[in-house]
Amino acid sequence: MSYKNFPMVSKVVFGRGSFNQLGDILSPKRLNVKAPFIFIVDDVFQGNSWITSRIPLAYEDKIYYISADEEPKTSQVDKLVEEIILNYKALPSGIIGIGGGTIMDLAKAVSIMLTNKGESKDYQGWDLVKKPAIYHVGIPTISGTGAEVSRTTVLTGPERKLGINSDYTPFDQVVLDPELTKDVPKNQWFYTGMDCYIHCIESLNGTFLNAFSKSYGEKAYELCVELFLDNNLTEEEAQDKLMMASWHGGMSIAYSQVGVAHAMSYGLGYLLGTKHGIGNCIVFNQLEEFYPEGVALFKKMKDKHNIDLPQGICANLSDKEFDIMIDVALSLEPLWENALGKHWKKTMTRDKLKELYLKM
């Protein structure tokens, strides 16, 4: 039996206001004055001096403000990498992503592609990256995706939506400052929090589960239930706990995998551009057959927070469009094997998948 030797984030700082220490964290990592730090920041913070005034710029450092309205694309990664290479005489000292899962995935992908030749679409899959990424830092401003701790960066490419899953993907440093999540809109808070909850359900019910994944998954699940069903937390406690639930939920995937909801939501994301958090919720809402208890609790949380999910998003799709979604979903074989076992193809046929998509 050979066991996977997973990398983990080597340094993490947690605490309210810890974002103020970013300058101290980065300065020892500066290679020289010609090697800038590149900050990839969600454009929702452009003009927000509470955050931007604390980004420690020096020498030729640069902020790229990026919209998170669409999930990251391989073409977007390649364009950013090309721009950085053309504009600077030296490789950057580091890439720092400040935002949600979209921005952190972009930062991870750019840091990989600055040292690996070719296009990012060539690295979508498992363990295709050959050279270490440049130093990269993740600073989440919303909690739930687990992108701050995972070994993948999920990208929509010309043919599929799939992560660059590699030992070089995880961040070298993460700054967990719960204060940064204070202005997240309620719906977004719920959808992204549910991404974490769904990670737990899929990991804890998967065939890949072992004690390592289980310990993280159970803790994240417990935090999610407390956060989304109990009323006893202050706003600050809720921010702190959701940030830790996201971390544990991301870790629970390390030795496990996600399952049916993520596979199907990748199909929605690829074809319709449905964002990951809300896509997971739309799919999971229809998966009683696979996760009966998890879905029942999800519906309870949804009702408690008065969340209305979009209806009928697949109602007017053509057969060809269904086929595209089904192809993307079925290409994620490790997710199906985790969810349904080695003989998953007998259970999850194209017809079965179409029937599920039609409910959405």
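Reader: Which residues touch the most other members of the largest nonpolar core?

Author: This is a predicted model, in which local features need pLDDT of at least 70 and side-chain atom pairs count only at pLDDT 80 or more, while totals for chains, interfaces and linings use all residues. Residues are numbered from 1 along each chain as its sequence is written, and side-chain values use heavy atoms, with hydrogens and water left out. A nonpolar core is a set of buried Ala, Val, Leu, Ile, Met, Phe, Trp, Tyr and Cys residues joined through side-chain atoms within 4.5 Å, where buried means under 20% relative accessible area, exposed over 50% and partly exposed in between (1.4 Å probe, protein chains only). The largest core has 58 residues, and those that touch the most other members are Y197, M264, F284, L287, W336 and Y357.

Reader: Which helix gives the largest share of this core?

Author: Helices (H or I, at least four residues) and strands (E, at least two) are DSSP runs, numbered from the N terminus. The largest share amounts to eight residues, and these come from residues 186–204, that is, helix 5.

Reader: How many residues are in the other core that lies apart from it?

Author: Among the members of this other core are M113, A133, A147 and W247. Its residue count is 34.

Reader: Which residues does F298 touch, not counting those up to four places away in sequence?

Author: F298 belongs to helix 10 and is buried, with a relative accessible area of 0%. Between F298 and N285 there are 7.6 Å in space, C-alpha to C-alpha, although they are 13 residues apart in sequence. With contact meaning heavy atoms within 4.5 Å, F298 touches F190, M194, Y197, C281, F284, N285 and L309.

Reader: How are helix 11 and helix 14 oriented to each other?

Author: Axes are lines fitted to C-alpha atoms, for helices over the stretch in contact, and angles run from 0 to 180 degrees between N-to-C directions. The axes of helix 11 and helix 14 (residues 350–358) come within 10 Å and cross at roughly 110 degrees. Angles under 35 degrees count as roughly parallel, over 145 as roughly antiparallel, 65 to 115 as roughly perpendicular and the rest as oblique. Helix 11 and helix 14 are therefore roughly perpendicular.

Reader: Which residues of helix 14 does helix 11 meet?

Author: On the side of helix 11, the residues involved are D319, F322, D323, M325, I326, D327, A329 and L330. Their partners in helix 14 are R350, L353, K354, Y357 and L358.

Reader: How many disulfides does the structure hold?

Author: A disulfide is counted as a pair of cysteine sulfur atoms within 2.5 Å. The sulfur of C224 is too far for a bond, because its closest cysteine sulfur, in C196, is 3.8 Å away. Likewise, the sulfur of C314 is 15 Å from the closest one, in C281, which is also too far. The number of disulfides is zero.

Reader: What is the phi of N306?

Author: Most residues other than glycine have a negative phi. N306 is found in the loop between helix 10 (292–304) and helix 11 (319–330), and N306 is exposed, with a relative accessible area of 63%. Its phi is positive although N306 is a residue other than glycine, with a value near 50 degrees.

Reader: Is Q257 buried or exposed?

Author: Q257 lies in the loop between helix 7 (235–252) and helix 8 (260–272). Leaving aside neighbours within four places in sequence, Q257 is in contact with W126, E202, S203, F208, P334, L335 and N338. With a relative accessible area of 11%, Q257 is buried.
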